[in-house]
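I opened the model to look up charge pairs, ring pairs and strand pairing. My notes follow in that order.

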Amino acid sequence: MNINRLINAAQEKELPDLVLKNAKIVNVFTGEIISGDIAVTDGIIVGIGEYNGKNEKNISGKYVVPGFVNAHVHVESSMITPPVYSVEELKWGTTTIITDPHEIVNVGGCVALANILDVAKKCPTNYYVMLPSCVPATPFEHSGGVLNADDLVKFKNDECTLGLGEMMNVPGVLNCDSSVIDKLNAFSDMVIDGHSPMVSGKELNAYVCSGVKTDHESVTYEEAAEKLRCAMAVLVREGSASKNLKAIISGVVKNNIDTSNMAFCTDDKHLADIRKEGTIRFNVKKSVELGLSPIKAIQMATINAARIYGLKNIGAVACGYKADLVVLDDIEKFSVLDVYKDGVPVSEISTDFNAVYDESMLKSVNPAPLKDNSFDIPKKDIYNVIGIVDNQIITENIIMTDEEVRNGLKDGTVRKIAVVERHHATGNSATAYITGYGLKHGAVATTVAHDSHNIIIIGDNDNDMKIAVDELKRVNGGYTIVKDGKVVDTLPLELGGLMSMKSADEFIPLLDRIINTAYEMGVNRNIDPFITLSFMALPVIPKIRITDCGLFDAEKFSFTE
C-alpha cells in the first residue's frame, strides 16, 4: 500500500483511480444514509464527498453498502472449489468469507490444510481461514486426518489465518481434556469459534471461560439471547439444512435487543440455493422482512462481522477501508445491481485462478471390501431410532419396539442407515435405523458425512446399499442413488470426496438432477436429500447420530447400548 498516494488522492492532489458519483451511502458507524461520491485509489476508499476521478461512474442515486461478510461457512459444503465458490459469493455481494475447512482437513489432515491456505490466496474474495480445532470432531469415529495443538500452531501465522475454528468438543472443554486445553491455550490471543448447541447455564459459563468467542448453533431466540448475555458473538445461521434466522431475528425485533455483537452466516449452503438467492444478501433481506431495520441488518452483514473477527479495514464505506462495495437498487428488497472488489467491478475480475490441489486429495476414497453381513442389525426388543426433524439438523432419539421397526420397514417409514469407514480401509462400519427420510425403495449414499466424511448410506435393502458404496469408491467420492441393483445417478465429488472440479455452470444442473431424482424416489421434500443425510453422522449435535463406530448419543456423549 502506497500511503502517499492515498493521502494525495484524498485531497485531490492527484486524481483518484475511480469515483462512484451520486451515491446514497449507508454509513454503518452512524446509521445514516449520506449522499455523495466515493473516491477509490489502489483499491482503498480515499474519500466520501465531492470528487473527480480518472474513471467515473454515475450511480444515479442508488444505494452503496459495504461488501457483505459470511462470518462462518464450510466452503466444501457447496461442493465446488474455493475459487469457484468465491465467484458465486461475489455475484451476490459477499466480498469476505470466513471459512473453517475442517471438512477437507478431516479427509486430508495437514496436507489438506496447507493446500487450502495456499488456494485461499488465489481466491477473488477476502478468504480467511479459522484453523480446524476438532480433527476428528470426536474420538468416536475414524477420520482421514488427526490434528493436535502442535500441528495447528504451524499454520497460526499464515496471512489468511484468523484464529481457531469451531470448538465442537464441548465435553472436552468442560472436563478440561488436556488436548483440548492445549489448543485453546495456543490460540488464546486470537478469535476462537464456538459450537455449543443447547448448552446453557453453568456449562455455558464454563465454555465461555475457556476463551470461546462466537457461536452459530442457536436455533431459538432464547438460546441466542443467553449466549449474547455471556458476551458471545451470535452468528445467525441460514443455510440449506439449518434455517435459524426467522426464530432468532423475530425475537430480536420483538425484544428490541442490541445487535452489535451479532452477524450472519450460512454454515452450509448448496450451490443451487446460492445461485437462486445468494447467501448473506438473502439473510439481510429476510431479516428486514421480519421487521429488523435495514441499517441494523446491513451492520450485522458487514461491520459487526468484521469487528468480531478483528478485520480492521473491512466492512464499511469509509476512508481507509477496502473498496469492497455493493450497489443496491433499494434497502428493502436488496436487489444487487453491481459489486466491486478492491474497486474493481466483479465482471472484470479474472476467473483464471491457477489453483493446484494435492494428488492425495483426488484419491481419498478407500473403504475395505464389504461383507455379506456388513449391514446386519442384531435383533432386539427395542431400538434407538434416529428421527429426522424437518428443516433442521438436530435429530430425535425415538424408541421403537422390534414390531414397530418391522412394520416401519414394510410401510417405508423406517429405513436402514449405515456408515462405512473410507479413509484407511479399516473395515469399520455401523448400521442402525432411521425414520423421517422417506425413501420408497433403493439406496442413497454420499462421502459427504460430517465431519469425518466416511461413506453414509440410507436404504431399504442391503444389496443396493453395497452397490452404492462400490460406486462411490469407483468415482472417488460424491453422491449416488441406486435402485434394484443399478446405479440411477451419480454426482462425482473427486476432490476429497467433497468437492467437484467442475465450473459452477457445469455443476449446478447435475446437482439439481440428482436432488430431483432423490425426491422422485420418495425422499421427504421438507429436507435436503444429501445435506440432511450428511449430518446424520455428526456426533456433536443432539440428539442421536451414527458413526463408523456405532450409534451415538450426542447428549450423553457416549454410544447407545
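**Entry 1: salt bridges.** I count a salt bridge when a side-chain nitrogen of Lys or Arg is within 4 Å of a carboxyl oxygen of Asp or Glu. The model is predicted, so I keep its limits in mind: local features need pLDDT of at least 70, side-chain atom pairs count only at pLDDT 80 or more, and totals for chains, interfaces and linings use all residues. Residues are numbered from 1 along each chain as its sequence is written, and side-chain values use heavy atoms, with hydrogens and water left out.

Side chains of opposite charge can pair when their charged atoms come close. I wanted to know how many salt bridges the structure holds. The total is 31.

I began with Asp17. Its salt bridge partner is Arg5, with the closest N and O atoms 3.3 Å apart. Asp17 lies in the loop between helix H1 (3-10) and strand E1 (18-26) and Arg5 lies in helix H1, so the pair ties together parts that are 12 residues apart in sequence. I take helices (H or I, at least four residues) and strands (E, at least two) as DSSP runs, numbered from the N terminus. Asp17 is partly exposed, at a relative accessible area of 23%. My classes are buried under 20% relative accessible area, exposed over 50%, and partly exposed in between (1.4 Å probe, protein chains only).

Next I checked Glu88. It meets Arg275 in a salt bridge of 2.5 Å, N to O. The two sit in distant parts of the chain, Glu88 in helix H2 (residues 82-91) and Arg275 in helix H10 (residues 271-277), 187 residues apart. Is Glu88 buried or exposed? Glu88 counts as buried, at 3% relative accessibility. Arg275 counts as partly exposed, at 28%.

I then looked within one helix. Lys285 forms a salt bridge with Glu289, and the closest N and O atoms are 2.6 Å apart. Both are in helix H11 (residues 280-289), where being four residues apart separates them by about one helical turn. Glu289 counts as exposed, at 53% relative accessibility.

**Entry 2: rings.** A pair of aromatic rings is described by the distance of the centres and the angle of the planes. I pair rings of Phe, Tyr and Trp (its six-membered ring) if their centres lie within 6.5 Å; planes under 30 degrees apart count as stacked, over 60 as edge-to-face and the rest as tilted. This rule gives eight aromatic pairs.

One of them is Phe140 with Phe557, edge-to-face, at 5.6 Å centre to centre and 85° between the planes. The pair links distant parts of the chain, 417 residues apart. Phe140 is in the loop between strand E8 (126-131) and helix H4 (149-153), and Phe557 is in the loop between strand E26 (550-553) and strand E27 (558-559). Phe140 and Phe557 are buried.

I also noted Tyr383 with Tyr433, edge-to-face, at 5.3 Å centre to centre and 90° between the planes. Tyr383 lies in strand E17 (residues 382-388) and Tyr433 in strand E20 (residues 429-435), so this pair ties together parts 50 residues apart in sequence. Both tyrosines, Tyr383 and Tyr433, are buried.

Ring pairs also join Phe140, Phe552, Phe557 and Phe559 into a cluster.

**Entry 3: strands.** Strands of a sheet pair through backbone hydrogen bonds, either parallel or antiparallel. I call two strands paired if DSSP finds at least two bridges between them. I found an open sheet of three strands in the order E25-E26-E27, with antiparallel pairing. Strand E25 (544-547) and E27 stand at the edges with a single partner strand each, so one side of each is left without a neighbour in the sheet. E26 and E27 are joined by two bridges. Asp553 has Ser558 in E27 as its bridge partner.

Last, I turned to strand E21 (residues 443-446). Ala443 and Ala445 point one way, Val444 and Thr446 the other way, and all are buried. E21 pairs antiparallel with strand E22 (residues 455-459) over four bridges, and Val444 stands opposite Ile458 in E22. Four bridges also join E21 to strand E23 (residues 478-483), again antiparallel, with Ala445 opposite Thr480 in E23.
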